[in-house]
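Welcome! Open your viewer, and let's walk through this model one selection at a time.

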Amino acid sequence: MTNLKMYLIEWWYPKGNTDSDLAKALGVEKTSVCRWVNGEREPSLERKIAIGRILGVDSRLIFPEKGKGEKRHLSSRKSAFNSPVAMR
């Protein structure tokens, strides 16, 4: 489940709002919102900020930054296939 979906379930839907309402507020098609909610696509930075404003939440909580720290962590891990134990 995406963070966006969790925030919509927590803050948007209980107020009687729908994905169509969010799409209208953002000036996009409902299909775009559905793709973001389902994690099929990611909105632009401008849309992320607008979604945060509409939901009253910092957009960085809804869309945490993926990137450098994660890549460094993954690239710094040694592969089990390259370890001396695996080569014995």
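For the protein chain, the mean pLDDT is 82, and 75% of its residues reach 70 or more.

Two notes before moving on. This is a predicted model, so local features need pLDDT of at least 70 and side-chain atom pairs count only at pLDDT 80 or more, while totals for chains, interfaces and linings use all residues. Residues are numbered from 1 along each chain as its sequence is written, and side-chain values use heavy atoms, with hydrogens and water left out.

**Stop one: helix 1**

Now select residues 3-12, which form helix 1. Helices here are DSSP runs (H or I, at least four residues), numbered from the N terminus. Which residues of helix 1 are buried? Look for Leu4, Tyr7, Leu8 and Trp12; buried means under 20% relative accessible area, with a 1.4 Å probe and protein chains only. These four cover an arc of only 105° around the axis, which puts them on the same side of helix 1. The arc is taken from the directions running from the helix axis to the C-beta atoms. An α-helix has 3.6 residues a turn, so residues three or four places apart point the same way. Show the partners next: the buried residues of helix 1 pack against helix 2 (19-26), helix 3 (30-37), helix 4 (45-55) and helix 5 (59-62).

**Stop two: helix 2 and helix 3**

Keep helix 2 and helix 3 on screen. They pack at an angle of about 115°, with their axes 8 Å apart. That makes helix 2 roughly perpendicular to helix 3 (the term covers 65 to 115 degrees). Axes are lines fitted to C-alpha atoms over the stretch in contact, and angles run from 0 to 180 degrees between N-to-C directions. To see where they meet, select Asp19, Ser20, Leu22, Ala23 and Leu26 in helix 2 together with Lys30, Val33, Cys34, Trp36 and Val37 in helix 3.

**Stop three: Lys48 and Ser59**

Finally, pick Lys48 in helix 4. Lys48 is buried, with a relative accessible area of 15%. Leaving out residues up to four places away in sequence, Lys48 touches Glu42, Pro43, Ser59 and Phe63.

Move on to Ser59, which lies in helix 5. Ser59 is buried, with a relative accessible area of 15%. Last, draw a line between the C-alpha atoms of Ser59 and Leu4: they are 55 residues apart along the chain and separated by 9.5 Å.

Note on methods. Buried < 20%, exposed > 50% of the residue type's maximum accessible area, 1.4 Å probe, protein only. Helix = DSSP H or I, 4+ residues; strand = E, 2+ residues; numbered from the N terminus. Contact = heavy atoms within 4.5 Å. pLDDT = per-residue confidence, 0-100. Parallel < 35°, antiparallel > 145°, perpendicular 65-115°, else oblique.
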